[in-house]
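This report covers one protein model for a reader who works with coordinates. Please look at the sequence and structure first.

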Amino acid sequence: MQGQDRNIISNFQHYTDEKLTPHFNEQYTIKDKEGTTVTVGAFTEITFSYERGNDERSDNIKISKGEESNFIWCVFYSLIEQVTDTLNVAEPSDRETNQFDQLEFVFIDDPVSSLDDNHVIELAVNLAQLIKHSESDLKFIITTHNPLFYNVLCNEFNNSNKKTGYNNNKHFKKHRLEKKEEGTYELISQPNDSPFSYHLFLINEIDKAIESNQIYKYHFNFLRNVLEKMSTFLGYSDWGDLLLPVEGSRTAYEKRILNLSSHSKHSDEEIVELTNDDKNVLRHLISEIKEIYRFKKLIKGGNE
């Protein structure tokens, strides 16, 4: 595990429950049926406990399939972090280990199937930041059928990083797997970040949040994504220009959207409830934008 056990436990509790704790075994010996001493290696067995408070603890509990998927992802993510940090050391002789030197590709297949939307956004942001800080020739392939995960990744990878040398035009490519009538599949280039009519999905999500009064910080990120897509489609160089016809101050609205749509590595900052003033601004902006730019309501996966 090379010291990654604490990172795995921390990530797992973050995405599931802080009271649910994985435990990795230390090396021990047992006797088999023939009486032969057998050594069981460290970190080859995992058990889970649940802290119930008042020093109550349930050991050897059975976790759900969703929790199991999250745990596997946390192990994999911690390994990716270690691989990236290790290969970022340019000279192989200076690396803490050489076991990753021949690694060329990392394949990540839809790691968000068991997560809610808040954590999907956070995982996508953190994963993109990790990959963009990779300075080696390591290549990452990510597959997903989750539109939210896909869109957040696209937004993150579309921003270059001069410090690490990441260039979105050079290092980022998008494709989709399209099924043909004869049953075969073709991998074709995806020219934009919205193969799922994603702007309509985002507006619908904002509408649902307003209707239920469950408005959070990340809904401003949804709004910003909508404005960015609209500006590209309508030929604006700055998405803030779309706020000019909206009643009120464009500068004030743009500043608030920028402040509240900034990504954070901490989920409690992403899902915290907003002030009533912030909620009213979101209600006003989405209402004005839908009216000015003539959006139709998205219902049951289609347009009204």
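Asn213 is partly exposed, with a relative accessible area of 38%. Buried means under 20% relative accessible area, exposed over 50%, and partly exposed in between, with a 1.4 Å probe and protein chains only. Phi of Asn213 is near 60°, a positive value in a residue other than glycine. Asn213 sits in the loop between helix H6 (198-212) and helix H7 (218-234). Helices (H or I, at least four residues) and strands (E, at least two) are DSSP runs, numbered from the N terminus.

## Basis of the model

The model is predicted: local features need pLDDT of at least 70, side-chain atom pairs count only at pLDDT 80 or more, and totals for chains, interfaces and linings use all residues. Residues are numbered from 1 along each chain as its sequence is written, and side-chain values use heavy atoms, with hydrogens and water left out.

## Overall makeup

The protein chain has ten helices and eleven strands. Of its 304 residues, 40% count as buried. Contact means heavy atoms within 4.5 Å. Among contacts in the protein chain between residues at least 6 apart in sequence, 59% join residues at least 24 apart.

Is Asp110 buried or exposed? Asp110 counts as buried, at 13% relative accessibility.

## The nonpolar core

In soluble globular proteins, nonpolar side chains tend to be buried together. A nonpolar core is a set of buried Ala, Val, Leu, Ile, Met, Phe, Trp, Tyr and Cys residues joined through side-chain atoms within 4.5 Å. The largest one here holds 69 residues. Which members touch the most others? They are Phe149, Leu223, Leu227, Leu243, Ile257 and Leu285. H3 supplies the largest share of this core, with nine residues.

Take Leu223. Leaving aside neighbours within four places in sequence, Leu223 is in contact with Ile206, Ile257, Leu282, Leu285, Ile286 and Ile289.

## His219 in H7

His219 lies in helix H7. His219 is buried, with a relative accessible area of 3%. Not counting residues up to four places away in sequence, His219 touches Glu205, Ile206, Ala209, Gln214 and Leu282. Ile206 and Leu282 are also among the contacts of Leu223.

## Helix pair H3 and H4

H3 and helix H4 (residues 147-157) pack at an angle of about 35°, with their axes 9 Å apart. Axes are lines fitted to C-alpha atoms, for helices over the stretch in contact, and angles run from 0 to 180 degrees between N-to-C directions. The crossing is right-handed. A crossing is left-handed if the near helix is turned anticlockwise from the far one by less than a right angle, and right-handed if clockwise.

From H3, the contact takes in Asp117, Val120, Ile121, Leu123, Ala124, Val125, Leu127, Ala128, Ile131 and Lys132. From H4 come Leu148, Phe149, Val152, Leu153, Glu156 and Phe157. By class, 13 residues are nonpolar, none is polar and three are charged. Here Ala, Val, Leu, Ile, Met, Phe, Trp, Tyr, Cys and Pro count as nonpolar, Asp, Glu, Lys and Arg as charged, and the others, Gly among them, as polar.

## Helix pair H1 and H2

Helix H1 (residues 5-15) and helix H2 (residues 65-87) pack at about 135°, with their axes 9 Å apart. H1 and H2 are therefore oblique to each other. Angles under 35 degrees count as roughly parallel, over 145 as roughly antiparallel, 65 to 115 as roughly perpendicular and the rest as oblique. H1 passes H2 in a right-handed crossing.

H1 brings Asn7, Ile8, Asn11, Phe12 and Tyr15 to the contact. H2 brings Glu67, Asn70, Phe71, Cys74, Val75, Tyr77, Ser78 and Glu81. This contact has seven nonpolar, four polar and two charged residues.

## Loops on either side of H2

Ile63 is in the loop between strand S5 (56-58) and H2. At 16% relative accessibility, Ile63 counts as buried. Its C-alpha atom is separated by 7.6 Å from that of Phe48, 15 residues apart along the chain. Ile63 touches Leu20, Phe48 and Glu68, not counting residues up to four places away in sequence.

Asn88 lies in the loop between H2 and S6. Asn88 counts as partly exposed, at 24% relative accessibility. The C-alpha atoms of Asn88 and Ser134 are separated by 6.4 Å, and the two residues are 46 apart along the chain. Beyond four places in sequence, Asn88 touches His133, Ser134, Glu135 and Ser136.
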